[in-house]
Amino acid sequence: MASAYTPGLTVSGDIVIRRTRRLPIKGQVLVNVGDPVEPETVLARALLPGPLQTIKLAEKLGAEPQDVTSFLRVKVGDQIESGQMVAETKGIFGKFKTAVLSDHTGILESLSEVTGNGLIREASIPVDIRAYVKGRVAEVMPGEGAIIETRGAMVQGIFGVGGETTGIIRVAVTSQSDLLEAKDIESTDAGKILVGGKGMTLEAIKKAQTLGVKGIIAGGVRDGDLAELLGYDIGVAITGQEAIGLTLMVTEGFGYLAMAGRTFTLLSSLQGQYASMNGATQIRAGVIRPEVIVPQDKPQAAAPVADDAFELKAGTHIRVIREPYFGLLGSVTELPSMLVTLESGTEVRVLRAKLDDGRDVTVPRANVEIIAMS
């Protein structure tokens, strides 16, 4: 077998990107095909049923459940305001009446003659899905959402935390080997996405939180710092829902690892531009990569990533993801067809590659990931 498909990352300065934006439940789509959109544009909206609140009418009235209906001052289906009287006893000679006031605002949805309880449905909760990136509506999914298409630069990372955000990119270090420290973060960085080098310190992350920085991109982060920041160890589940006030993305791995030169150069060229960023990561089936997208306004059409962009073949850009060459970049030079027996006795397919530092190495194909460059 001359080639194989291998998971990989995209690092591109010019690529067509499509993002599916779908509501969690059926709703109403608010855009049409061809409409221009900004990151905050609401594409679709759904209404989640409001919570049900119980009023123990029989208990509060001191009446039998089957008699509660005769004491109601409202009807099932009526809109009720908080503090409004919903039921009242007749009392004795018109006096000594017992009244029940609603603690909630909503619609009286039902009344049980078995329990004597009334159920009030509070107002529906609107759920909006936004465009996330600047672009245009390429496709509408009736009742569900839309597919947004944009053209620009995209950098995918190895791992991230935090959800979708937007901000202006600022490169806060001078090289891909520099560590992003608290001193590198300025008071004017509120609302920005900062680019570090080989990593970010915990102090830098906390200062960024305090100042209102939207995101940080760096080569790596120490897992201990990440655990202290989150308050728990990261597992294998999907990330992206962490309430930490900013989004983090690492391009190389855990620890302090110099960012790949190509990646740092591309991010540096995007300084001052408006970007969309998402830290959501899933490593298992249905891989989700953290990403930074910077739409570009260019007249000519760009081609999407080719179908064979993640095909392992001679000339393919790769990153080694296992020791002893962990984190190093290179290009495939040969894909031997014969199986090779490792020290463990396992027979595997290997590849030969020339690393960026000039070394020619042989590594198992499973120990690399493709970097789609353009």
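1. Is T239 buried or exposed? T239 is buried because its relative accessible area is 6%; buried means under 20% relative accessible area, exposed over 50%, and partly exposed in between (1.4 Å probe, protein chains only).

2. This is a predicted model, in which local features need pLDDT of at least 70, side-chain atom pairs count only at pLDDT 80 or more, and totals for chains, interfaces and linings use all residues. Residues are numbered from 1 along each chain as its sequence is written, and side-chain values use heavy atoms, with hydrogens and water left out.

3. T239 is located in the loop between α3 (223-230) and β21 (247-254); helices (H or I, at least four residues) and strands (E, at least two) are DSSP runs numbered from the N terminus. The T239 side chain reaches the backbone oxygen of G160 at 2.7 Å. Beyond neighbours within four places in sequence, the residues in contact with T239 (heavy atoms within 4.5 Å) include F159, G160, V161 and I234.

4. One aromatic pair is found in a search of the whole structure. The ring centres of F159 and F254 are 5.2 Å apart and the planes lie at 50°, so the pair is tilted. Rings of Phe, Tyr and Trp (its six-membered ring) pair if their centres lie within 6.5 Å; planes under 30 degrees apart count as stacked, over 60 as edge-to-face and the rest as tilted. F159 belongs to strand β15 (residues 159-161) and F254 to strand β21, 95 residues apart. F159 is buried at 7% relative accessibility, whereas F254 is partly exposed at 41%.

Conventions. Polar contact = N/O pair within 3.5 Å; in protein donor to acceptor, adjacent residues only side chain to side chain.
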